[in-house]
Amino acid sequence: MVAELADAVGREVGETRVAFVDVLGPSPSEVLRGLTAPAVVVPAFLASGYHVHTDVPREVADSEHSRVTVTRALGPDPVFAQVMLERLRAVGWNDGDAIVFAAAGSSDQRALRDHRRAAAMLADLAQVPVRIGYVATAQPAVPDVVAELRRDGHRRVFVASYLLARGLFHSRLVDAGSDGVADPLGVHAGIVDLVVDRFRAGAAVLHDSIPTETAEVAPRGRRG
């Protein structure tokens, strides 16, 4: 999925490289060492936790590339609320049905704060209260939130996936006891436009007319 997203972004802005923090390679520092032009790093994360605040800056420093700017992370952003609502409607969600906002989780309070902001954006758009549940690393767990909503009298409960791609975390949502699980965010025109906007904002910071290459940083374990 990440490669597909990078290809779509590349069609808009030119050559786009993919890098991964933690586990998979190439790393951002490896990609940046191979670039001679000024570069924009777009952290493809849905919240700003440890990876955004620590890993990405460290990788940029390790690269010793002299002309790099790092944009803010992709999320939270109203674009994701719009995509999530589309995904929810596609699996049968109707106005008034309860929503569980399912995020991967984090031990970083800054990331959890971003999750709350993102959930509030979805609640504003859907016009129903949205409760947050986590797949890992934080509480409450998604199945517990679904069960709580049932106890509170909600007849229909749907899970909105605040994940970029299918994988282990998304597969766990199927057994959460909901009436439907929306697809992950995936490659969507709105998300492509968001990455492009981040890149162009970063390129403007460089104040340089030399063609600028993009290094897109992906979350760990999400290649292709």
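# Helix packing around helix 4 and helix 8

Okay, let's start with a pair of helices. Helix 4, residues 78-90, and helix 8, residues 189-206, have axes that come within 9 Å and cross at roughly 170 degrees. Before I go on, please keep in mind that this is a predicted model. So how do these two run relative to each other? An angle over 145 degrees counts as roughly antiparallel, and therefore helix 4 and helix 8 are roughly antiparallel to each other. As for handedness, helix 4 makes a left-handed crossing as it passes helix 8.

Which residues meet there? On the helix 4 side you'll find Val79, Phe80 and Val83, and on the helix 8 side Gly190, Ile191 and Leu194. Sorted by class, that contact between helix 4 and helix 8 has five nonpolar residues, one polar and no charged ones.

Let me stop at one of those residues. Valine 83 sits in helix 4. Is valine 83 buried or exposed? Its relative accessibility is 1%, so valine 83 counts as buried. If you set aside its neighbours within four places in sequence, valine 83 is in contact with Leu185, His188 and Ile191.

Helix 4 has another partner to show you, helix 5, residues 109-126. These two pack at an angle of about 55 degrees, and their axes are 9 Å apart. That is why helix 4 and helix 5 are described as oblique to each other. This time the crossing is right-handed, with helix 4 passing helix 5. Helix 4 brings Pro78, Ala81, Gln82, Met84 and Leu85 to the contact, while helix 5 brings Met121, Leu122, Leu125 and Ala126. The class count for helix 4 with helix 5 is eight nonpolar, one polar and no charged residues.

Now back to helix 8, and over to helix 1, residues 2-13. The axes of helix 1 and helix 8 come within 9 Å and cross at roughly 55 degrees. That makes helix 1 oblique to helix 8. Helix 1 passes helix 8 in a right-handed crossing. From helix 1 we have Leu5, Ala8, Val9, Glu12 and Val13, and from helix 8 Ile191, Val192, Val195, Val196, Phe199 and Arg200. What about the classes here? The contact of helix 1 with helix 8 has nine nonpolar residues, no polar ones and two charged.

Next, a quick look at helix 3, residues 50-63. With 14 residues at 1.5 Å a residue, helix 3 should span 20 Å, and its end C-alpha atoms are 19 Å apart, which agrees. Which residues of helix 3 are buried? They are His51, Val52, Asp55, Val56, Glu59, Val60 and Ser63. Then, just after helix 3, glutamate 64 takes a positive phi of about 60 degrees.

One last stop, this time in a loop. Leucine 164 lies between strand 6, residues 157-162, and helix 7, residues 168-172. At 2% relative accessibility, leucine 164 counts as buried. Along the chain, leucine 164 and glycine 186 are 22 residues apart, yet their C-alpha atoms are separated by 5.2 Å.

Note on methods. Residues numbered from 1 in each chain as written. Predicted model: local features only at pLDDT ≥ 70, side-chain atom pairs only at ≥ 80, totals over all residues. Heavy atoms only, no water. Axes fitted to C-alpha atoms, helices over the stretch in contact; angles between N-to-C directions. Helix = DSSP H or I, 4+ residues; strand = E, 2+ residues; numbered from the N terminus. Parallel < 35°, antiparallel > 145°, perpendicular 65-115°, else oblique. Left-handed = near helix turned anticlockwise from the far one by under 90°. Contact = heavy atoms within 4.5 Å. Nonpolar A, V, L, I, M, F, W, Y, C, P; charged D, E, K, R; others polar. Expected span 1.5 Å × (residues − 1). Buried < 20%, exposed > 50% of the residue type's maximum accessible area, 1.4 Å probe, protein only.
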